[in-house]
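The sequence and the coordinates are shown first.

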Amino acid sequence: MNIRSILTGIVFFMCSGYTIAQKVFNVEQPDFAKSPFTGMMRQHWLNAAHYLLDGAFTHVSAINDPMVFPKQPGVSYPRNGVHTPTEMLEGLCRTLFVAVPLLKEDSNLTIKNIRVADYYRLHIGKLLDSNSITFIKPRAKNGGPSQTLVEFGALAVSLFAIPELLWQPLTKAQQDALAKVMISYGDGPTVPSNWKFFNIFVLSFFKDKGYSVNEKLLTEYLDKTLEHYRGNGWYNDNPAYDYYSMWAFQMYAPLWSEFFGKKYYPAYAERFAANFSEVKNNYPYLFSRNGEMIMWGRSMAYRFGAIVPFPLMGMKDDPGVNYGWMRRIASGTLLQFLQNPSFLEDQVPTLGFYGAFEPTVQSYSCRGSVYWMGKAFLGLLIPKNSRFWTETENEGAWAGEMKKGQVYNKFQDSSKILITDYLNIGASEIRAWCHVEYEKSWEKFRASENYNRLSYNSAFPWQADSVSGVVAMNYIFRNAKAEWEPLRLFTFKKFEDGVYYRDVVLETNREVQLNLAEMPLPNGILRVDRYASSVPAEMRLGHYALPKLKGEIKEKKKNVNGYTVHIIDNGVYQLAMITLSGWQQMQTIATTGVHPVSKESKVINAHTTTDNASLNQLYVTLMLWKKSGEKWRKNELLPVEVTAREHGAAAELRFFDGVVRKIRF
């Protein structure tokens, strides 16, 4: 049983072939013949888009009303309570991603007695009206990149997709005025990240419509965008790896190629296509067996925008793609959120992961930012007879390649990303880059829990470090200010013989250092970490956290060969932690208001205070899991003996099945 199935809400009335739910989207008339796992076919995707767009239009009383939504308390903008033109531009351009495929199907689509195409055309026109509250001024001569550039890039995507509804009906004066203001942003500076695509789309659209644009800048940004590619399907978003590789680079590139690139710049289109073709080899493994995505990286409010590469694979017939698996993942991710009762508030998605969760929110977001997730529905633009829509759902590698009792790693040698799949609980996990100094960074979120966890798992969303002295899936140290400081300055070393090696230093005291070695096991993780510091310190290490779901989270202890095992169980999963060497004590800690799934949660922490005799000591920890109700066997709780070698610089792992591995820092 997964978390999504537990949190399903109650339906209250039906309309237009789909269900408008009080809390969740319902799959009406599911097709379990072609989609045996989700019941979802192409029509259900359209229904899901309609469901979200209906919710957005509940905040539009008349056709002249802008697309603006209730402010969510917290760091998101606007912070002074005054709605801004930029905020309303986000609401307009991002909900348009949801509307575009619906309008492609039905140009007369009407919601709340408002013709949707008329609404968006009217408000595109209002962007040009200096008397309108949504008026957007052209970029100032020396103006830099801004949120307006982002939204105009999005608008250009939609203009490319349905020009017959959004562009052609405009008057010549409106077209010229729109070209002037959008080009003023496109023909200008950008951010050295995925943002270059916003300039690229603006310049490309208006070149295609016969306007004079800065083609030198266009090709410069294309070249610089391709420089972000690191192989194995991954682009680097400068500096991080995260879902921006997929809902940005690997979405914009194939769409740009299809709309424009193949005609005007075929060599660039071919390079983008080659990069896109590698996504199928590893990205699908980043999703759980049920299709859940991992909570990882910034802009988590965009949620299922991360699935858009899967339907876009259907733009061509690639014999190397398991299209039934791609749709199973994509539909599963849609339902992960659409069927969670915390997902909507005021019929608009929250800023968070499931419900509102402030630790995941960045200050560049407003409430309308969430509709960036609508990118997923641009997959509906691929042909109806695409194999993505026609193949029968299947579980891909989960049902074919993988075998019970084993763990599966996919290492990306260029990005240094490790994706791990755990068949026993059907979960996926990722380890990726994080090396940002919190104190010096103006974007603090890049050094936060969004990136600094030791690993991220689809079954166990990360818990925030908002309770002093408590941590989940990271180390914390008591620093010179007597504050608990998490590790964030990681340096990848190697992936060898199933072990992922990193070095890490404490930001406020570089003499505090650890050599980290972690080995995924069929039921969890074996950590063999070396305290390589020249000074003593007080430190803690946390397991993943469990949210309260089905009654109280149960705690128990077991003794296995003289080792104490701490176990917590929330009725869905159970987590176990065993310290084999180095640690002085363990405890289970109850926390409130720091978990994205439930107000109450618990986590197991190990704790120690080192001294001079502890230098170069190994800290060996087992972090294990099972589904609730399953019994632990002795050799699962204690599957290995670890012997230190060479004064802690190496270790020998002797597993009880006879396998011997070496850790060598």
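Does Tyr-235 count as buried or exposed? In this predicted model, Tyr-235 counts as buried because its relative accessibility is 1%, and buried means under 20% relative accessible area.

**Aromatic contacts**

A search of the whole structure finds 70 aromatic pairs. In one of them, the ring centres of Tyr-235 and Phe-249 are 4.6 Å apart and the planes meet at 5°, so this pair is stacked. Phe-249 is buried as well, with a relative accessible area of 0%. Tyr-235 belongs to strand β6 (residues 234-235) and Phe-249 to helix α10, so the pair ties together parts that are 14 residues apart in sequence.

Helix α10 also holds Trp-256 and Phe-260, which lie four residues apart, about one turn of the helix. An α-helix has 3.6 residues a turn, so residues three or four places apart point the same way. Trp-256 and Phe-260 form a tilted aromatic pair, and both residues are buried. The geometry of the two pairs is set out below.

| Aromatic pair | Centre to centre | Angle between planes | Class |
|---|---|---|---|
| Tyr-235 and Phe-249 | 4.6 Å | 5° | stacked |
| Trp-256 and Phe-260 | 5.9 Å | 50° | tilted |

Charged side chains also sit over aromatic rings. Arg-94 lies over the face of Trp-372, at 3.7 Å from the ring centre. The charged end of Arg-298 is placed over the ring of Tyr-244, 3.9 Å from the centre of that ring.

In soluble globular proteins, nonpolar side chains tend to be buried together. In this model the largest nonpolar core has 192 residues, and Tyr-120, Phe-206, Phe-304 and Tyr-475 are those with the most contacts inside it. Helix α10 (residues 244-264) supplies the largest share of this core, 11 residues.

What does Phe-304 touch, not counting residues up to four places away in sequence? Its contacts are Leu-52, Met-293, Thr-333, Leu-334, Phe-337, Leu-338, Phe-343, Met-373, Ala-376 and Phe-377. A second, separate core of 25 residues includes Tyr-501, Leu-526, Val-528 and Ile-663.

Tyr-120 is also one of the buried residues of helix α4. Helix α4 (residues 116-126) is mostly covered, with eight of its 11 residues buried. Besides Tyr-120, the buried residues of α4 are Val-116, Ala-117, Tyr-119, Arg-121, His-123, Ile-124 and Gly-125.

Strands of a sheet pair through backbone hydrogen bonds, either parallel or antiparallel. Five strands form an open sheet in the order β14-β13-β19-β24-β23, and their pairing is antiparallel. Strands β14 (484-486) and β23 (585-592) are the edge strands, each pairing on one side only. On average, neighbouring strands of this sheet are turned by 30° against each other, direction ignored.

Within this sheet, strand β19 (residues 538-547) pairs with strand β24 (residues 600-609) in the antiparallel sense over eight bridges. Leu-546 stands opposite Lys-602 in β24, and the bridge partner of Leu-541 is Ala-606, also in β24. The pairing of β23 with β24 is likewise antiparallel and spans eight bridges; here Thr-592 stands opposite Glu-600 in β24. Why is β24 described as largely enclosed by the rest of the structure? The reason is that eight of the 10 residues of β24 are buried.

**The sheet of three strands**

Three strands form an open, antiparallel sheet in the order β26-β27-β28. Its edge strands are β26 (640-645) and β28 (660-664), and each pairs on one side only. Neighbouring strands are turned by 20° against each other on average, direction ignored. Strand β27 (residues 650-655) is joined to β28 by five bridges, the two running antiparallel. Glu-652 stands opposite Lys-662 in β28.

Val-642 has its place in strand β26. Val-642 counts as partly exposed because its relative accessibility is 24%. Apart from neighbours within four places in sequence, Val-642 is in contact with Leu-580, Val-620, Ala-651, Glu-652 and Leu-653. Val-642 and Gly-405 are 237 residues apart in sequence and 21 Å apart in space, C-alpha to C-alpha.

Note on methods. Residues are numbered from 1 along each chain as its sequence is written. This is a predicted model: local features need pLDDT of at least 70, side-chain atom pairs count only at pLDDT 80 or more; totals for chains, interfaces and linings use all residues. Side-chain values use heavy atoms; hydrogens and water are left out. A nonpolar core is a set of buried Ala, Val, Leu, Ile, Met, Phe, Trp, Tyr and Cys residues joined through side-chain atoms within 4.5 Å. Buried means under 20% relative accessible area, exposed over 50%, partly exposed in between (1.4 Å probe, protein chains only). Contact means heavy atoms within 4.5 Å. Two strands pair if DSSP finds at least two bridges between them. Axes are lines fitted to C-alpha atoms, for helices over the stretch in contact, and angles run from 0 to 180 degrees between N-to-C directions. Rings of Phe, Tyr and Trp (its six-membered ring) pair if their centres lie within 6.5 Å; planes under 30 degrees apart count as stacked, over 60 as edge-to-face and the rest as tilted. A charge sits over a ring if NZ of Lys or CZ of Arg is within 6 Å of the ring centre and within 35 degrees of the ring normal.
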